[in-house]
Amino acid sequence: MTIECEKITTPYSANLNRPILNNISCQIEPGEFVTLLGLNGAGKSTLLRSIVGLVPLEKGVIKVNGIVQNQQQKHRPEMAMLFQGGGLIRQLTAIENVLCGRLGSLSAWQTLWGFPKRDRRLALELLDRLGLKEHAYQKTAYLSGGQQQRVAIARALIQNPKILLADEPTTGLDILAAKQVMETLAQLHSEQGITIVVVLHDLALAAAYAQRAIVLEAGRIIYDGKCHNLPEVMQAG
């Protein structure tokens with residue numbers, strides 16, 4: 001599942017006095033672990049959301065596996081997204097949140113009868129794999145930030161994606177929890193070959209876990225390469 005961004009430009013932003021993304025081109029190959037870096041307003045999250053079709057494009061195209069992406073596509077089984085803060089429903093249990101990841105593949109009639117037993121088994125297996133089996137029936141409001149983020153990862157994985165997009169998954173977490181989340185993503189990348197594209201602010205985490213960095217500034221790519229010299233790249237930018 002190759003991701004191709006070809007000269008993409010988003011609509012003009014009055015707040016920034018420019019398009020959020022301005023004539024960006026890049027390609028992400030299957031099985032890569034890529035981090036998007038840059039200051040606030042650089043366009044990192046917008047680029048990530050553009051890939052999954054949540055942001056309209058003024059110009060250019062985005063292709064996944066050669067297929068042009070657009071906002072009319074309702075369900076993209078090849079991609080799953082981790083939203084900033086996890087995007088969980090705090091009143092639901094961990095397993096109920098994970099099962100919500102199956103809603104896009106069920107018909108309206110199927111949802112009336114509840115989730116199939118095989119989906120519930122898979123949700124429990126995913127929570128177990130992520131070290132959360134004992135919290136499966138606990139409301140996510142009572143879980144720690146790191147545990148909530150791992151529930152969000154399980155919700156994404158139940159969709160069986162080939163591409164996982166993560167928007168600042170370590171925001172608000174302490175150092176230990178942030179490392180646990182990044183290690184989970186790295187494990188998925190190494191063991192299952194999932195393509196990972198993650199927005200980060202922490203250069204140390206980026207250098208420790210990602211293979212490649214794409215650095216944005218004012219809606220343009222200013223660096224695309226290895227992560228070994230990120231502090232120098234960011235300081236130069």
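**Reading salt bridges and cores**

Q: I'm starting with Arg102. Which residue does Arg102 form a salt bridge with?

A: Look for the spot where a side-chain nitrogen of Lys or Arg comes within 4 Å of a carboxyl oxygen of Asp or Glu. Here the partner of Arg102 is Asp119, with the closest N and O atoms 3.2 Å apart. Arg102 sits in the loop between α2 (94–99) and α3 (108–112), while Asp119 belongs to helix α4 (residues 117–129), so the bridge ties together parts that are 17 residues apart in sequence. Keep in mind that this is a predicted model.

Q: Is Arg102 buried or exposed? And what about Asp119?

A: Check the relative accessible area: under 20% means buried. Arg102 comes in at 18%, so Arg102 counts as buried. Asp119 has 3%, so Asp119 is buried as well.

Q: How many salt bridges are there in the count?

A: Five. One of them joins Lys63 and Glu6, whose closest N and O atoms are 3.7 Å apart. Find Lys63 in strand β6 (residues 59–64) and Glu6 in strand β1 (residues 3–9); the pair therefore ties together parts that are 57 residues apart in sequence. As for accessibility, Lys63 is partly exposed at 23%, and Glu6 is partly exposed at 31%.

Q: What does Asp224 pair with?

A: Arg212, and the closest N and O atoms of that pair are 2.8 Å apart. Asp224 is in strand β12 (residues 220–225) and Arg212 in strand β11 (residues 212–217), so the bridge links parts that are twelve residues apart in sequence. Asp224 is partly exposed at 38%, whereas Arg212 is buried at 12%.

Q: Now the nonpolar side. Which residues have the most contacts inside the largest nonpolar core?

A: To trace a core, follow buried nonpolar residues from one side chain to the next. The largest core here has 45 residues, and Leu127 and Leu164 have the most contacts inside it.

Q: How many residues are in the second, separate core?

A: That one has 24 residues, including Ile24, Cys26, Ile62 and Met81.

How values were computed. Residues numbered from 1 in each chain as written. Predicted model: local features only at pLDDT ≥ 70, side-chain atom pairs only at ≥ 80, totals over all residues. Heavy atoms only, no water. Helix = DSSP H or I, 4+ residues; strand = E, 2+ residues; numbered from the N terminus. Buried < 20%, exposed > 50% of the residue type's maximum accessible area, 1.4 Å probe, protein only. Core = buried A, V, L, I, M, F, W, Y, C linked by side-chain atoms within 4.5 Å.
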